[in-house]
Amino acid sequence: MGPPTVTIGAFPDYPAAQRVVDHLADNRFPVERTAIIGTDLTLVETVLGRMTTVRAALIGAGTGAWFGLLIGLLFGIFTVGNWVAVILAGLVIGAIWGAVFGAIAHTMTGGQRDFTSASSLRANQYAVTVEADVADQARQLLARLNLGGRAPQATA
């Protein structure tokens, strides 16, 4: 469960919370006793584009080429003859199989998900917490950070 913690500040974005922890680190605070906690999480799925069978085949070919390259390198290490040909053969065969499987997999979805997307989690607020026994020290350092709206000067 760990030691009890105290929230020393809540911030609207991650860079602000990161700036606080960076300020604590610059002032020799034991930052290993600190955490940044995102709350009110939201899943955001950004649509990147339309997925067609051709695009699925191209993506599959790329993935298959990487896998084929790996296999070709492994076999190429133990080849006495033309090892470059073994690597290229693995790359080409991997790309072909990847394209075939990518196209088949997309076709099997029956048009239910004809787009590509990227998912991310976003928090509405970020809390900086510290262990309770060092909370006063952290608050004092945080008060220096907010003086006059100026950025803190790093100490050597």
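This is a predicted model: local features need pLDDT of at least 70, side-chain atom pairs count only at pLDDT 80 or more; totals for chains, interfaces and linings use all residues.
View 1. Strand 1 and strand 3 are themselves paired in the antiparallel sense, over 6 bridges.

View 2. Strands of a sheet pair through backbone hydrogen bonds, in either a parallel or an antiparallel arrangement.

**View 3. The largest nonpolar core.** This core has 17 residues, and those with the most contacts inside it are Ile 8, Val 20, Leu 24, Phe 29, Val 128, Val 130 and Ala 138. At least two residues of the core come from each of strand 1 (5-11), helix 1 (14-26), strand 3 (115-131) and helix 4 (135-145). The element that gives the most to the core is helix 4, with 5 residues.

**View 4. The surroundings of Val 20.** Val 20 is among the residues with the most contacts inside the largest nonpolar core. When its neighbours within four places in sequence are left aside, Val 20 is in contact with Phe 11, Val 128, Leu 142 and Leu 145.

**View 5. Thr 34 in strand 2.** Thr 34 belongs to strand 2, which covers residues 34-50. Its relative accessibility is 18%, and Thr 34 therefore counts as buried, since the cut-off for that class is under 20%. Apart from neighbours within four places in sequence, the residues in contact with Thr 34 are Val 21, Phe 29, Val 128, Thr 129 and Val 130. Val 128 is also in contact with Val 20.

**View 6. Helix 2 and its buried residues.** Helix 2 has 25 residues (residues 53-77), which at 1.5 Å a residue should span 36 Å, and this agrees with its end C-alpha atoms, which are 36 Å apart. Along helix 2, the residues Ala 56, Ala 57, Gly 60, Ala 61, Gly 64, Ala 65, Gly 68, Gly 72 and Gly 76 are buried. Helix 3 (83-108) is included in what covers these buried residues of helix 2.

How values were computed:
Residues are numbered from 1 along each chain as its sequence is written. Side-chain values use heavy atoms; hydrogens and water are left out. A nonpolar core is a set of buried Ala, Val, Leu, Ile, Met, Phe, Trp, Tyr and Cys residues joined through side-chain atoms within 4.5 Å. Buried means under 20% relative accessible area, exposed over 50%, partly exposed in between (1.4 Å probe, protein chains only). Helices (H or I, at least four residues) and strands (E, at least two) are DSSP runs, numbered from the N terminus. Contact means heavy atoms within 4.5 Å. The expected span of a helix is 1.5 Å times one less than its number of residues. Two strands pair if DSSP finds at least two bridges between them.
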